[in-house]
Amino acid sequence: MTQHRGTGIGPPDEYIEAEIHRLLAEDPAVAEQGITVVRRETGLVLYGEVESAHRREEIVRRVADRFPDVPVTSEIGVIRTEAPTQIEQLP
Amino acid sequence: MVIRIAAVGDVHLDEDVVGRFRPALEELPDCADVLLLAGDLTRHGTEAEARCVAQEFGGLGVPVITVLGNHDHQCDQVPQVVKVLEDAGITVLEGTGVVLECAGGRLGVAGVKGFGGGFAGRCASDFGEPEMKAFVRTTTDSADRLAQALHSLDCDLLVALTHYAPVPDTLAGEPLEIYPFLGAYQLGQAIDSAPTALALHGHAHAGSERGVTPGGVRVRNVAHPVIKQAYSVFHVGDHLDQGEVSRLSASGT
Ligand SMILES: [Fe+2]
Ligand SMILES: [Fe+2]
């Protein structure tokens, strides 16, 4: 992805980051506002927590479809839904 | 007197999530008097997604009270969403309140979605373009309705339920730049205007769990990505040890 910078053939990374962010929020198939896009030497890394494995896969698929030349990896997790083992007491 | 409150927000349900929360929810009658949902029940606020919420959170054996979130407004189907939820026995609050008779006393819950605007010294002002004024007035109207709802309830324990955050404390972890989209100080002011014991909110997925209003009311961000469990349980009462966090059960499972 760093090859985009200054080559004049693609948008600078910062715009890609902004576009991914809006894509994830505004694409009806995703609608996630809590995904963070981090630029690394090796490409873009997606972080965040979603409600299902299906959504996690869909996010990576959408981003890869939209930016086929940008290496994207995902560290997105699926949020646990266990009952709590502790309570908080508030006097 | 102890009232046991279970709460979660931002479950963002659709067909792909149905069933994930249910096993934990089935335990609620043993550990809570009520379940409060802090908005963003759905992904886009469609009637179909609301039916998923009704399926997952309906018929639980404890009363379920909710406010809507911004996601529940996305498809402009709020009346349909509210109807589906209410048909499933879920109470939807918006500038309104409800009092429940619990074993530990009368629990009053006042709820409003709330809105953004930011926090003292770093907030939007009711000034300038009509769009800006409309934004800020949405916030102040919402806070006013929350204050009215809080003051209207005759109860032993008063809880404020919002989607947007009333304090910046529980946003820690979110980028500072987006705080004005995550909550507004006017909500905190409304909470402080009444004898509120606890304020629960969601919306800030990357925020943190605990905060306090300038007036000393405890605030908890119960957004699902923050609490990372099906729901949190709060025991609110006056005889308990200060801030003690104890085991829910002796089973340790
Ligand atoms: Fe949310
Ligand atoms: Fe939200």
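Is Asp156(B) buried, partly exposed or exposed? With a relative accessible area of 43%, Asp156(B) is partly exposed, where buried means under 20% relative accessible area, exposed over 50%, and partly exposed in between (1.4 Å probe, protein chains only).

Before going further, note that this is a predicted model, in which local features need pLDDT of at least 70 and side-chain atom pairs count only at pLDDT 80 or more, while totals for chains, interfaces and linings use all residues. Residues are numbered from 1 along each chain as its sequence is written, chains are lettered from A and ligands numbered from 1 in the order in which they are written, and side-chain values use heavy atoms, with hydrogens and water left out.

Asp156(B) lies in the loop between α5 (130–152) and β9 (157–162) of chain B and Arg106(B) in strand β6 (residues 105–112), so the pair ties together parts that are 50 residues apart in sequence. Helices (H or I, at least four residues) and strands (E, at least two) are DSSP runs, numbered from the N terminus. Arg106(B) is also partly exposed, at 25% relative accessible area.

**The iron site**

Next, select the iron ion (ligand 2), which is coordinated at 2.1 to 2.2 Å by Asp40(B) (OD), Asn70(B) (OD1), His163(B) (NE2) and His203(B) (ND1). Donors are N, O and S atoms within 2.8 Å of the metal (3.2 Å for Na, K and Ca), and water is not among the atoms, so sites may look incomplete. The 4 donor atoms subtend angles of 87 to 159 degrees, which makes the arrangement irregular; four donors count as tetrahedral if all angles lie between 85 and 135 degrees, four count as square planar and six as octahedral if opposite donors are over 155 degrees apart and all others between 65 and 115, and anything else is irregular.

Now show the iron ion (ligand 1) as well: Asp40(B) bridges the two iron ions, which lie 3.3 Å apart. Asp40(B) is buried, with a relative accessible area of 1%.

**Where the chains meet**

Colour the two chains separately and look for the 24 residues of chain A that are in contact with 41 residues of chain B, contact meaning heavy atoms within 4.5 Å. There are 4 salt bridges between chain A and chain B, and Glu51(A) and Arg20(B) meet in a salt bridge through their side chains (3.9 Å, N to O).

**Helix α2 of chain A**

Finally, select Glu58(A) and Arg61(A), whose side chains meet in a salt bridge (3.0 Å, N to O). Both residues lie in helix α2 of chain A, 3 residues apart, about one turn of the helix. Glu58(A) is buried, at 12% relative accessible area, whereas Arg61(A) is partly exposed, at 41%.
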